Amino acid sequence: MFSKRLPIAKMAAAVVALSAVIAAVMLSINWNGAEDSTAAPKIDDLLNIEIVLSSIIFSIVVVALGYALYKFRAKPGDESDGEPIHGNTRLEITWTLVPTIIVLFSGAWSWKVLNEIEEPAAHQLTVDVFSQQYAWSFGYPGKEYAYSQGVLHVPVNRQIVFKMHSQDVIHSFWVPQWRIKKDNVPGITTTALITPTKIGHYQVICTQLCGFGHAAMRAKVIVQSESAFDKWVEGLKEKVPTPLMVSVKQDTQTNPEPLEQVEAE
Amino acid sequence: MIATFTRPGWYRAVLCTVLAAAFGFGIVVLLRVISGLPAMQTEQTGYPQVVVPLITAPLGFLLGIGCFDYWIRWGIGMPTIPDDHSSHGAYSWKDYFKVNTDHKVIGIQYIVTSFFFFLVGGLMAMLIRAELAQPGTQIVSAATFNGLFSTHAVLMIFVFIIPMFAGIANYVLPLMIGAPDMAFPRLNALSYWMLPMAGILFLASFLAPGGAFDAGWTGYAPLSTGAPLGQSFFNIGVQFAGFSSIFTALNFLVTIITMRAPGMTFWRMPLLVWANLSTSLLVVAATPFISGAQFMVLFDRILHTNFFQFGAGGDVISYQHIFWFYSHPAVYIMILPGFGIISEVISIHSRKPIFGYRLMALALIGIIVLSYSVWAHHMFVAGMFSWLRVPMMFTTLLIAVPTGIKIFSWLGTLYFGKIHTKSTAMLFALAFIVTFTIGGISGVMLGMVPFDIHVSQTYFIVAHIHFVLFGGSVFTIFAGLYHWFPKMTGRMYDEKLGRIHFWGTLIGTWGTFVPMHWIGMEGMPRRVADYASQFGNWNLLISCFAFMLGAVQLIFVYNMIVSWRFGPKAEANPWRGNSIEWLVSSPPPVFNFDEIPRVVGGPYEYGIPGARHAIMGGEGAEVPATQPSVVGT
Ligand code: HEM
Ligand SMILES: [Cu+2]
Ligand SMILES: [Cu+2]
């Protein structure tokens, strides 16, 4: 019944046009910055899908509101009421079901992406991340717990398994160009996987409030070729200090892998 | 002389506060001395001689001001002072500073008090933005900055938005359902008086050694369990705010369930009533969780228990589970009453029945059920057991469906109506629809785990929460305040100033919070006093809009105060509404109704000739018993 009394075709055209414009502008911008890991393009594609869907929803709301305000404004002095329409079951079912389908689709796609970015690859490199107020340091169990303070070196195109530990409060490990983030929780070991795809310099940013030094809690990240990385690691003199090893050992109950390497030493 | 100190009131309140504080202090010192410990303990997580008085002093105040008089007399078998209703109504401004059991007085007390905390919290926001206008630290130190944004958030959430909605509903809801008052007027008074206790405790934490609590409003352990004394002020303040909410929610539940006017079936309740019914169900079941979480932190701090002490077998992440089990429902506690306000405003000002009234009510119920099953979406990167992420992603995304139903139904209500935009309330309601849609969209994006991994704990979150809380909750609060201002004060506000306030607020909100999405995605974390210089220009722009947003709120304050004193007299029903509060005078009589009204139809029967929602006592005869009751089609 409404279809006869509203210019549905014109409104639909307006929605299409508006969402096309919004989506085109939004898609042309690279919101998340450089895509320097295998996960990054997948997450950005997900964002783009969501940008398109959101542009449509937003345009529907704006066009619907705009048309109502244009068409159904009361004339000055008009004290009469609107039409006593209480609802329309077909329409109500539509705006329950269509959004349900949209969000289930978004959920399914996200699930797929999540599985892909957390898929373990062969030939991984394990790196221990140690965080404390307000500094990062890194241990390389494969290289007999070689130890680096404030600078994280990793090889390019190889999947890194970060085993994260905190010595005091919760910190969070974020490298925006990799789209990876994970809390470092005292008392447990958390894990994150990432495969960097570009050689370059980045920053680890702490994103969990950890005290007055939180904003300045950064570390340098250097992604380099496998051979350059190996050379650098061999050159490391220091081993992970014993106090930090406590949290690694603690982890071995849930995660036997580093223990074997500790014993292999 | 003696009498001044035995009568309930401010003299007795001050006396009791001092005595109770001394008692709390004394008992700690005494017990410590008996146990052979030094009398004072000044470790930063200790200070029992301060923490215990923080609990006893507010209780002493409540006792002194007179919140417990009736119950104590009854409890110890003294003759109770029968309520002669002398404490109903307010006849001068001084009456607002007394314990009063009239829901209308309590409503105003709530509204004014929480608005005061909004201004204080807003002032902190201005300081925060001033610091962030430029990279580097200029105005406050990093530690002070943490205290500022923590207290800012806590004031806004616990002593502004949540109690403001309680205040508006306190005033309007009993009138709307044709009740003479709330079900438990004395409990209602107690709920109100706990609110300033909470707010004062939060603010007083600035005086504590080590400064205000600075672990964020989320107060994650173990940062909070090891933080300086200020954190205990937060732990205890939340108890007062929490109990206040729980008591009010119980009161609303009983009032709504048992005190509706004859004829008001559930399906004839205005949506504001439905909204407060669902909110109260959330508050009653969820709030004990934050109360518990903060007690556990307090115990870890001063009793050296090990709930969250990782070295001693405590579990750090369990704090987050308990906290979010309350705090996710809390975000709906902060928006559902607003949904109710918007429904009232849009229906009246477009002269149309609410589109899909029953589905609107069911959507509220859907939201409260779902909102207990999504808490872990705040913990996607927290390192919790990972299987929970996908199920909670789906429940989170599904919450958008009932939320969407509400948006579309409001839009549907406008169609074929006669939309009046002369009221500032309606402007806020219309702007709310668009602004809140953005917040809902960013919420859905955050619900998607892979994207959330990237933007969690960044400025994108700050953007989301301000679109839903400022563009959502605060817009609905303004809509509600403008809408019922004539009813509450009996005066009209100035629409011209209202419009300036509206446009300033709308532009300020978008200008401030839209760019925050961008800098968040690009790499700026939240809760930082300093940031990479690449974000400098955006932050400067954000700060400019924020100052503008702050400044236009002063116009609102001016408008409200001046209109309350000098505004033109308001009619009983300036917006030509149907619901019962518009059928009584503005302001309503002290006892609301001389005779209880009878409800004879749905609340939004605009456009049906002769249809009425309610008839006042005495005029019943000429109205037909059967009304054209059309709800849904
Ligand atoms: C469509 C509905 C919504 C969805 C799907 C949604 C989803 C989310 C998600 C997934 C987060 C966590 C982000 C993170 O920390 O990584 C979040 C944060 C938040 N949301 Fe929403 N949200 C919605 C609506 C709302 C509403 C209506 C409010 C309040 C009125 C709200 C207030 C908040 C707040 C305060 C936070 C941040 C908490 C903090 O970490 O400090 N959200 N939201
Ligand atoms: Cu940090
Ligand atoms: Cu949530």
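**Exercise 1.** What distance separates the copper ion (ligand 3) from the iron atom of ligand 1? Then identify the residues that coordinate the copper ion (ligand 3).

*Solution.* The model is predicted. In it, the copper ion (ligand 3) and the iron atom of ligand 1 are 4.6 Å apart. Next, list the donors: His328(B) through ND1, His377(B) through NE2 and His378(B) through NE2, at 1.9 to 2.0 Å. Along the sequence, these donor residues follow the spacing H-x48-H-H.

**Exercise 2.** Classify His377(B) and His378(B) as buried, partly exposed or exposed.

*Solution.* The cut-offs are under 20% relative accessible area for buried and over 50% for exposed, with partly exposed in between. His377(B) has 13% relative accessibility, so His377(B) is buried. His378(B) has 27%, so His378(B) is partly exposed.

**Exercise 3.** Describe the interface of chain B and chain A, starting from the residues in contact.

*Solution.* Begin with the contacts: 87 residues of chain B touch 82 residues of chain A. The area buried between the two chains is about 7,200 Å², and carbon and sulfur atoms give 71% of that area. Turn to the polar part: 20 residue pairs are in polar contact between chain B and chain A, and four salt bridges cross the interface. Arg389(B) and Glu118(A) form a salt bridge through their side chains, at 2.8 Å from N to O. Finally, assign the elements. Those giving two or more residues to the chain B side include H6, helix H10 (316-333) and helix H13 (389-414) of chain B. H13(B) supplies the largest share of that side, 14 residues.

Methods
Residues are numbered from 1 along each chain as its sequence is written. Chains are lettered from A and ligands numbered from 1 in the order in which they are written. This is a predicted model: local features need pLDDT of at least 70, side-chain atom pairs count only at pLDDT 80 or more; totals for chains, interfaces and linings use all residues. Side-chain values use heavy atoms; hydrogens and water are left out. Donors are N, O and S atoms within 2.8 Å of the metal (3.2 Å for Na, K and Ca); water is not among the atoms, so sites may look incomplete. Buried means under 20% relative accessible area, exposed over 50%, partly exposed in between (1.4 Å probe, protein chains only). Contact means heavy atoms within 4.5 Å. Buried area is the accessible area (1.4 Å probe) that two parts lose on being put together, summed over both. A polar contact is a pair of N or O atoms within 3.5 Å; within protein, one must be able to donate a hydrogen and the other to accept it, and residues adjacent in sequence count only if both atoms are side-chain atoms. Helices (H or I, at least four residues) and strands (E, at least two) are DSSP runs, numbered from the N terminus.
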